[in-house]
Amino acid sequence: MAQMLSETILAQYRQYKAGRSDRRPVRSNTASQLAYPCPAGARYMVLKRQRWEAAEMPSPELQMIYDEGRLQEAAVLRDLAEAGLTVIEQQTAVEWRQYNITGHLDAKLLWNGTAVPIEIKSLSPYSWQAHQSVADMLDSKYPWMRGYPGQLLIYLMLTNAEVGMLITKNKANGQIRCIDLNLYEHLAYAESLVRLAEEVNQHIAADTVPPAVEYQDWVCGRCSMFNVCTPPMASTPPDVIEDSELLEALDERASLEAARKRYETLDKTLKERFKGNGGVRLCGEWVIETKLSTRKKMEYVPTGETIDVPLVSFKRYAHSDSGGE
Ligand code: SF4
């Protein structure tokens, strides 16, 4: 009964999240997408605008991350205000008509008479620890992370501000980190984004697409336009398998991922609780038994020989380009 209920809750929750993701026409160069580090330059943004209806939909799990990000952003703004800071112009739409650049500024903080644009990002504990500076972000292995400073730089230009603040929040423990971003220290990069917007506009006007470049796993592998872009692969082209059963099995495997993780977490927590003392306990209809047995400790010594170990992975081309955190 409890198991059926947990499965129902998970299934309905995923379905609800799946229903929240949508695709909308992209008519402008949105600041959050313009800074996506596509190796083919303007190609990503051009495809986003020309072929928005073909972009891959976020998975329910990715939609959960997006939703969580919005909740966290609102919570940070509320906490900053309750901490006595003056938060103004929350969720202000900004536009630079000349270059058809648009965006939504999270808020500004009023500081000594100056309005400082802020951008809030909630991150996993690992990402939060690994990205402590603008340099860390610009050098990140996550493409969406590389886009964050560029997004705020565009807002600085759009609002005539010299300094902005990237505020990152650790989703696990609630800590925040404030990272200064000075427009003039990154002016060349900021201007390159404006030139990129110009290039995108020219392609849109001429109905052309910048040429593809070779596939780069770290960024193309997470790009929502991968299916449309189909960048050439460097080495041997992959085998294309036409097998609907295989496809179904892969989809089902992915849909069970969240349940598997939950099972493993619960299993570990429960076993941890009872591993210390042998004996039998009853809880409702469950019998919990701990047997303590003595085994010989084994030590493995490297022999120097090598063997081939096959590592098979399944990865969905995953649409996390607008913020996988
Ligand atoms: S698949 Fe790669 S090259 Fe193509 S648009 Fe995406 S990031 Fe750019």
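# A walk through the chain

Of the 325 residues of this chain, 27% count as buried. Buried means that 20 or more other C-beta atoms lie within 10 Å of the residue's own; exposed means 12 or fewer, and partly exposed is in between, with C-beta atoms placed from the backbone. The model is predicted: local features need pLDDT of at least 70, side-chain atom pairs count only at pLDDT 80 or more, and totals for chains, interfaces and linings use all residues. Residues are numbered from 1 along each chain as its sequence is written.

Start with the overall picture. The C-alpha trace spans about 75 × 55 × 50 Å along its principal axes. The chain's secondary structure comes to 12 helices and 10 strands. Both are DSSP runs numbered from the N terminus: helices are H or I with at least four residues, strands are E with at least two. Take the contacts between residues at least 6 apart in sequence: 68% of them join residues at least 24 apart. Two residues are in contact if their C-beta atoms, placed from the backbone, lie within 7 Å.

Now find the sheet. It is an open sheet of 5 strands, in the order E2-E5-E6-E7-E8, and its pairing is mixed. Strands pair here if DSSP finds at least two bridges between them. Which strands are at the edge? They are E2 (86–88) and E8, and each pairs on one side only. On average, neighbouring strands of this sheet are turned by 35° against each other, direction ignored. Helix H4 (residues 60–82) packs on the sheet and touches E2, E5, E6, E7 and E8. The direction of H4 makes about 135° with that of E6. Helix H7 lies across E6, E7 and E8, running at about 160° to E6. For these angles, axes are lines fitted to C-alpha atoms, for helices over the stretch in contact, and angles run from 0 to 180 degrees between N-to-C directions.

Look at the strand pairs one by one. E6 (residues 114–123) and E7 (residues 163–170) run parallel, joined by 6 bridges. Ile-120 has Ile-167 in E7 as its bridge partner. Glu-119 stands opposite Leu-166 in E7. E7 then pairs with E8 (residues 176–182) over 7 bridges, in the antiparallel sense. There, Lys-169 has Ile-176 in E8 as its bridge partner. E7 and E8 form a hairpin with 5 residues between them. In its turn, Gly-174 has a positive phi of about 80°.

Two asparagines also have positive phi. Asn-112 sits in the loop between strand E5 (107–111) and E6. Its phi is near 50°, a positive value in a residue other than glycine. Is Asn-112 buried or exposed? Asn-112 is exposed, because 5 other C-beta atoms lie within 10 Å. Asn-160 lies in the loop between helix H7 (143–158) and E7. The phi of Asn-160 is near 55°, again positive in a residue other than glycine. Asn-160 counts as exposed because it has 8 C-beta neighbours inside 10 Å.

Next, go inside. The largest nonpolar core has 47 residues. A nonpolar core is a set of buried Ala, Val, Leu, Ile, Met, Phe, Trp, Tyr and Cys residues joined through C-beta atoms within 7 Å. Leu-34, Leu-153, Ile-154 and Leu-193 have the most contacts inside the largest core. H7 gives the most to this core, with 9 residues. Follow Leu-153. Leaving aside neighbours within four places in sequence, Leu-153 is in contact with Leu-181, Leu-183, His-186, Tyr-189, Ala-190 and Leu-193.

Helix H1 (residues 2–20) holds Ala-18. Ala-18 is partly exposed because 14 other C-beta atoms lie within 10 Å. Ala-18 and Pro-58 are 40 residues apart in sequence, yet 7.8 Å apart in space, C-alpha to C-alpha. Apart from neighbours within four places in sequence, Ala-18 is in contact with Pro-60 and Gln-63.

Finish at the ligand. How many residues surround the ligand? There are 14, and the closest are Cys-38, Tyr-44, Cys-220, Cys-223 and Cys-229. Helices H3 (43–50), H9 (217–220) and H10 (226–229) are the elements that give two or more residues to this shell. H3 gives the most, with 3 residues. A residue is near a molecule if its C-beta atom, placed from the backbone, lies within 6 Å of it. The shell divides into 13 nonpolar residues, no polar and 1 charged. Ala, Val, Leu, Ile, Met, Phe, Trp, Tyr, Cys and Pro count as nonpolar, Asp, Glu, Lys and Arg as charged, and the others, Gly among them, as polar.
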